[in-house]
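Work through the exercises below with the sequence and the 3D structure open. Each task is followed by a solution in steps.

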Amino acid sequence: MIKLYDKYFDLFLSEEEILAIVKKIADRIAEDYKDEVPIFVGVLNGAFMFVSDFLKCYPYPCEVSFVKLSSYRGLTSTGIVETLLDVPDTIEGRSVIILEDIIDTGRTLQELVHIFSNTNVKNFKIASLFFKSESYNGEYPIDYLGMEIPNNFIVGYGLDYKEQGRNLRGVYQINQSKMINLVLFGKPGAGKGTQAGFLKEKYNLKHISTGDVFRYNIKNNTKLGKLAKSYMDKGDLVPDEVTIRMLQDEVEKNPEASGFIFDGFPRTAAQAEALDNFLETKDMKIHATIALEANDEVLIKRLLERGKVSDRPDDQDEEKIRNRFEEYNQKTAPLIDYYSTQKKFHSVNGIGSIEEITKRLTQVIDSLT
Ligand code: AMP
């Protein structure tokens with residue numbers, strides 16, 4: 001086991017195992033390109049070790065070059081990718097083989113395909129040492145693939161965790177045994193967002209509020225925002241399919257998190273089941289669902305107060321608030337049984353000062369470990 005910053009990682013592949021995979025890729029490409037001089041294009045920074053070992057295994061004449069892209073992963077999953085180091089000029093009429101260390105969502109790959117579609121290359125192929133098939137959303141097939149790996153965070157052999165670990169000779173996988181994943185449960189206005197703000201600091205967790213992600217998308221007028229707006233404005237739930245996909249994206253964006261607070265998700269039985277199944281694929285699970293309890297009249301007063309200062313239309317009209325409660329009673333309340341059956345359901349009195357309620361929540365969380 002090794003430690004980088006606050007995270008622990010276990011050995012996943014030794015140097016010998018990696019080199020055997022690299023050699024296999026080089027042999028296959030050599031067979032296909034022995035009659036010409038291809039240009040190998042490494043994708044920085046992660047691919048530098050792979051490129052180096054690959055070239056040592058490649059037996060025929062070839063050239064090498066590099067590109068560097070930077071992907072910005074904000075709250076939306078648009079994943080804009082910018083070119084920092086561009087394609088070489090000598091590329092026209094040549095066979096180009098991209099060397100990638102890892103392909104996960106496929107956003108970088110999509111951008112590479114786009115960049116190279118504007119050049120007059122003879123042909124264009126992709127070789128990747130690792131491939132996370134569970135998180136791949138792209139359509140482009142990977143021509144030369146080293147190894148499919150599970151959807152866990154890995155470092156080493158060029159891959160980093162916050163820029164460290166690239167110099168490790170083996171590949172290491174994050175050790176999730178110390179992770180805590182919580183669902184904060186309760187009606188609108190119960191204080192989930194406020195309490196999540198404190199808990200995420202105390203336990204070093206990533207807070208995902210599906211309501212906030214939707215509002216961010218509405219503000220930025222994204223496709224997702226446009227879709228969600230009509231439902232949210234009325235106080236209806238956004239369809240499961242959309243919400244589940246979005247939630248998964250948010251989790252995928254934080255592969256190195258020490259745990260998550262899910263706030264406002266799941267809200268239906270289908271969402272709860274999808275969440276369990278999804279987490280299982282990542283060797284993760286929900287540890288506890290904690291409900292903040294408060295009665296409707298208190299909540300309506302709180303929400304109308306909040307509506308005066310926020311620009312949320314769903315907080316400014318009592319009828320919409322009541323509709324949100326109705327949605328909760330019909331679709332979300334049944335989840336109490338779902339989590340009780342799994343012995344994960346806890347309930348906390350949500351009336352009192354913010355500090356008192358935080359204390360009640362931390363008592364439950366501390367009793368989990
Ligand atoms: P919230 O900020 O959690 O009160 O959410 C505001 C609105 O966002 C809800 O009334 C729904 O329209 C939508 N929303 C948030 N989370 C979900 C979810 N898990 N499923 C469906 N709709 C959601």
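This is a predicted model: local features need pLDDT of at least 70, side-chain atom pairs count only at pLDDT 80 or more; totals for chains, interfaces and linings use all residues.

**Exercise 1. Overall build**

Describe the chain by its secondary structure, extent, burial and contacts.

Solution. 
1. The secondary structure consists of 12 helices and 15 strands.
2. Along the principal axes, the C-alpha atoms occupy a box of roughly 80 × 45 × 30 Å.
3. The chain has 369 residues, of which 50% count as buried.
4. Take the contacts with a separation of 6 or more: 71% of them join residues 24 or more positions apart.

**Exercise 2. Cysteines**

Find how many disulfides the structure has, and explain the state of Cys62.

Solution. 
1. A disulfide is a covalent bond between the sulfur atoms of two cysteines.
2. Searching the whole structure gives 0 disulfides.
3. Cys57 is accordingly in no disulfide, and its nearest cysteine sulfur, that of Cys62, is 11 Å away.
4. The cut-off for a disulfide is a pair of cysteine sulfur atoms within 2.5 Å. Because the closest cysteine sulfur to that of Cys62 lies 11 Å away, in Cys57, the distance is too far for a bond.
5. As for solvent, Cys57 is partly exposed at 24% relative accessibility, and Cys62 is partly exposed at 29%.

**Exercise 3. Packing of α5 and α6**

Solution. 
1. The crossing of α5 and α6 is left-handed.

**Exercise 4. A salt bridge within a helix**

Solution. 
1. Asp27 and Lys23 form a salt bridge, with 3.1 Å between the closest N and O atoms.
2. Both residues belong to helix α1 (residues 15-33). They are 4 residues apart, so about one helical turn separates them.
3. Asp27 is partly exposed, at 36% relative accessibility.
4. Lys23 is partly exposed too, at 41%.

**Exercise 5. Other salt bridges**

Which parts of the chain does the pair Lys282 and Glu252 tie together, and are these residues buried or exposed?

Solution. 
1. The closest N and O atoms of Lys282 and Glu252 are 3.2 Å apart, and the two residues form a salt bridge.
2. Lys282 sits in the loop between α8 (269-281) and β14 (288-293), while Glu252 is in helix α7 (residues 240-252); the pair therefore ties together parts that are 30 residues apart in sequence.
3. Lys282 and Glu252 are both buried.
4. For another pair, take Asp236 and Lys234, whose side chains meet in a salt bridge at 3.9 Å, N to O. Asp236 is partly exposed, with 26% relative accessibility.

**Exercise 6. Count and network**

How many salt bridges does the structure hold, and which residues are linked in a network?

Solution. 
1. The count for the structure is 25 salt bridges.
2. A network of salt bridges links Arg306, Arg312, Asp314, Asp315 and Arg324.

Note on methods
Residues are numbered from 1 along each chain as its sequence is written. Side-chain values use heavy atoms; hydrogens and water are left out. Buried means under 20% relative accessible area, exposed over 50%, partly exposed in between (1.4 Å probe, protein chains only). A crossing is left-handed if the near helix is turned anticlockwise from the far one by less than a right angle, and right-handed if clockwise. Helices (H or I, at least four residues) and strands (E, at least two) are DSSP runs, numbered from the N terminus. A salt bridge is a side-chain nitrogen of Lys or Arg within 4 Å of a carboxyl oxygen of Asp or Glu. Contact means heavy atoms within 4.5 Å.
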